[in-house]
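Dear colleague,

I am passing on the structure we discussed, with notes on its side-chain contacts below. Please look it over alongside the text.

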Amino acid sequence: MGLITGILTVPLAPLRGTAWVIEQVLDTAEREYYDPEPVRAELAELEKDLLGGRIGEEEFDRRENDLLDRLEWLEAHQRRLRNNS
């Protein structure tokens, strides 16, 4: 960027800064949303609840299926991202 361009675009600096912050927040939110680790932790906690007698087999099966479906979807999303890179 040349000196003249830099001087003429100074008024846009706050907009560029705001756009950068929004982009960083969005990137962080996407990483957290698509992270499979919380789902794995929830599966482990679910198994502890079953073994501890806090939930029954039927509830365990229902919740486990939901979590495994979510985990499968997240892992497929990560594979798509790796393949597109």
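A residue is called buried under 20% relative accessible area, exposed over 50%, and partly exposed in between (1.4 Å probe, protein chains only). By that scale Trp 73, at 37% relative accessibility, counts as partly exposed.

This is a predicted model, in which local features need pLDDT of at least 70 and side-chain atom pairs count only at pLDDT 80 or more, while totals for chains, interfaces and linings use all residues. Residues are numbered from 1 along each chain as its sequence is written, and side-chain values use heavy atoms, with hydrogens and water left out.

Aromatic rings

Rings of Phe, Tyr and Trp (its six-membered ring) are taken as a pair if their centres lie within 6.5 Å, with planes under 30 degrees apart counted as stacked, over 60 as edge-to-face and the rest as tilted. A search of the whole structure on these terms gives 3 aromatic pairs. In one of them, Tyr 33 and Tyr 34 have ring centres 5.0 Å apart and planes at 85°, so the pair is edge-to-face. The rings of Tyr 33 and Trp 73, with centres 6.4 Å apart and planes at 80°, are likewise edge-to-face. Because Tyr 33 belongs to helix α2 (residues 13-33) and Trp 73 to helix α4 (residues 57-84), this pair ties together parts that are 40 residues apart in sequence; helices here are DSSP runs (H or I, at least four residues), numbered from the N terminus. Ring pairs thus link Tyr 33, Tyr 34 and Trp 73 into a cluster, in which Tyr 33 is partly exposed at 46% relative accessible area and Tyr 34 is partly exposed at 23%.

Salt bridges

With a salt bridge defined as a side-chain nitrogen of Lys or Arg within 4 Å of a carboxyl oxygen of Asp or Glu, the whole structure contains 4 salt bridges. Arg 40 forms one with Glu 37, the closest N and O atoms being 2.4 Å apart, and both residues lie in helix α3 (residues 37-51), 3 residues apart, about one turn of the helix. Glu 37, Arg 40 and Glu 75 are linked in a network of salt bridges. Another salt bridge joins Asp 49 to Arg 54, with the closest N and O atoms 3.1 Å apart; Asp 49 is buried, at 15% relative accessible area, whereas Arg 54 is exposed, at 56%. In helix α4, Arg 63 and Glu 59 lie 4 residues apart, about one turn of the helix, and form a salt bridge whose closest N and O atoms are 3.1 Å apart.

Methods: Helix = DSSP H or I, 4+ residues; strand = E, 2+ residues; numbered from the N terminus.
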